[in-house]
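Visitor: I would like a close look at one residue, and then at what surrounds it in the rest of the model.

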Amino acid sequence: MTGAGGEPVRVRLWDPLLRVYHWLLAFFVIAAWLLGQFGPLNMTLHFWCGYIVGGLLVFRLVWGLGGPRPARFTHFVTGPRKVIAYGRGIFRREPSHWPGHNPLGALSVIAMLLVLVAQVVTGLISDPDDFINVGPLAGQVSRATSTAAVGWHNLGTWLILILVLLHVGMILYYRFWKREDLVRPMITGWKMVRRED
Amino acid sequence: MRLILAAAILLTPVAALAQDDAQRDALKARQGYMTAVATNMGPLAAMAKGDLDYDEALATFHARNLAALGNYEVEMHFLPGTAQGEVEGSHALPAAWQNLDDVRAKHNDFTAAAAAAPEGVKGGREQVAAVVQSLGGTCKACHDQYRAK
């Protein structure tokens with residue numbers, strides 16, 4: 001993926017499984033969120049969405065360790081210096097042409113993954129005292145923990161909302177301020193990227 | 001006059017203490033009521049899940065207790081000053097007192113579901129499951145809005 005003279009080149013950045021994973025995750029997180037807030041009192045569908053999200057997160061973990069390069073954690077998890085260096089150019093009105101998750105966006109990716117893992121775990125061990133929507137693993141932890149998990153799960157709801165709005169907001173910012181379409185690469189896989197160091 | 005004043009000053013803390021007692025008692029009664037409901041729901045939920053073998057006599061026993069509890073006017077224990085933050089150990093949100101009519105309506109839903117329980121649980125595991133669903137839904141409807149998470 002070498003571009004002559006630092007010119008961006010068109011590469012197949014995101015592999016098919018990662019793209020499918022991304023859109024499934026988006027769909028089931030939104031579905032679980034809406035069902036949790038506005039769904040029926042019987043939360044069976046919300047539970048199923050949660051199990052699917054859990055499965056998708058397991059895939060992402062495996063893919064982050066042994067998947068194609070742009071999907072790997074080692075490829076996008078960086079230290080504060082790189083984040084700051086990247087952040088300096090955030091207001092510049094030009095595409096990043098970043099070959100993957102940029103250092104700043106990586107923080108958001110990690111935050112979303114961690115919050116979603118926590119959300120799945122707290123959901124599994126929640127006992128909301130209604131006898132019908134008890135997490136399947138609530139019996140494996142103490143009563144105090146399964147009660148507290150309901151509170152953590154509720155807190156997670158708002159963290160997820162904030163992170164998702166931030167994610168969508170930044171996509172729009174890149175699209176309209178930096179004139180870089182980040183959605184299409186997540187659909188087709190193809191992205192204009194600068195030469196990788 | 002001086003005597004009355006002295007008595008009033010002396011008795012003020014006592015009156016305040018008595019007030020606290022009333023609120024603590026209301027909280028205890030309220031939470032005791034919830035525990036009583038939960039204790040009778042437990043075996044039915046276990047039967048619905050299959051953790052406990054279906055037993056019509058046992059299911060009817062708990063369902064009848066729930067029907068009795070459904071008829072109890074628990075609203076009397078929603079004393080002002082017993083919300084979360086007002087009395088230690090309370091998890092009831094202040095919103096409950098701003099919408100007491102709604103709390104009452106939601107408890108009426110529980111009353112209706114519980115009244116149908118003794119007949120409803122007859123027949124087998126699936127019947128119990130349906131009863132637990134309808135009862136549990138009324139728990140959740142109120143907890144979602146009026147119990148601290």
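Is A:Val58 buried or exposed, and what is its relative accessible area?

Guide: A:Val58 is exposed, at a relative accessible area of 52%; buried means under 20%, exposed over 50% and partly exposed in between, with a 1.4 Å probe and protein chains only. The model is predicted, so local features need pLDDT of at least 70 and side-chain atom pairs count only at pLDDT 80 or more, while totals for chains, interfaces and linings use all residues. Residues are numbered from 1 along each chain as its sequence is written, chains are lettered from A and ligands numbered from 1 in the order in which they are written, and side-chain values use heavy atoms, with hydrogens and water left out.

A:Val58 belongs to helix α2 of chain A, residues 44–66. Helices (H or I, at least four residues) and strands (E, at least two) are DSSP runs, numbered from the N terminus.

Next, the aromatic residues. Rings of Phe, Tyr and Trp (its six-membered ring) pair if their centres lie within 6.5 Å; planes under 30 degrees apart count as stacked, over 60 as edge-to-face and the rest as tilted. A:Tyr21, A:Phe59 and A:Trp63 are joined by ring pairs into a cluster. Over all chains there are 11 aromatic pairs. One of them is edge-to-face, A:Tyr86 with A:Trp98, at 5.2 Å between centres and 85° between planes. This pair links distant parts of the chain, 12 residues apart: A:Tyr86 is in helix α4 (residues 80–87) and A:Trp98 in the loop between α4 and α5 (103–124). A:Tyr86 is buried at 11%, whereas A:Trp98 is partly exposed at 22%.

The loop between α4 and α5 also holds A:His101, which is buried at 18%. Beyond neighbours within four places in sequence, the contacts of A:His101 (heavy atoms within 4.5 Å) include A:Trp14, A:Arg60 and A:Phe76.

Chain A also meets chain B, with 12 residues of chain A in contact with 14 of chain B. Buried area is the accessible area (1.4 Å probe) that two parts lose on being put together, summed over both. Between these chains the buried area is about 1,100 Å², and carbon and sulfur atoms give 67% of it. A:Leu41, A:Phe131 and A:Ile132 supply 50% of what chain A buries there, more than any other three residues.

That leaves the charged pairs. A salt bridge is a side-chain nitrogen of Lys or Arg within 4 Å of a carboxyl oxygen of Asp or Glu. Within chain A, A:Asp127 and A:Arg143 form one at 3.5 Å, N to O. A:Asp127 sits in the loop between α5 and α6 (143–176), and A:Arg143, 16 residues away, in helix α6. A:Asp127 counts as buried at 16%, A:Arg143 as partly exposed at 43%. Across the interface of chains A and B there is 1 salt bridge, and A:Asp129 and B:Arg147 meet in a salt bridge at 3.1 Å, N to O. In chain B, B:Glu119 and B:Lys122 are bridged, their closest N and O atoms 3.1 Å apart. Salt bridges with shared partners join A:Asp127, A:Asp129, A:Arg143 and B:Arg147 into one network.
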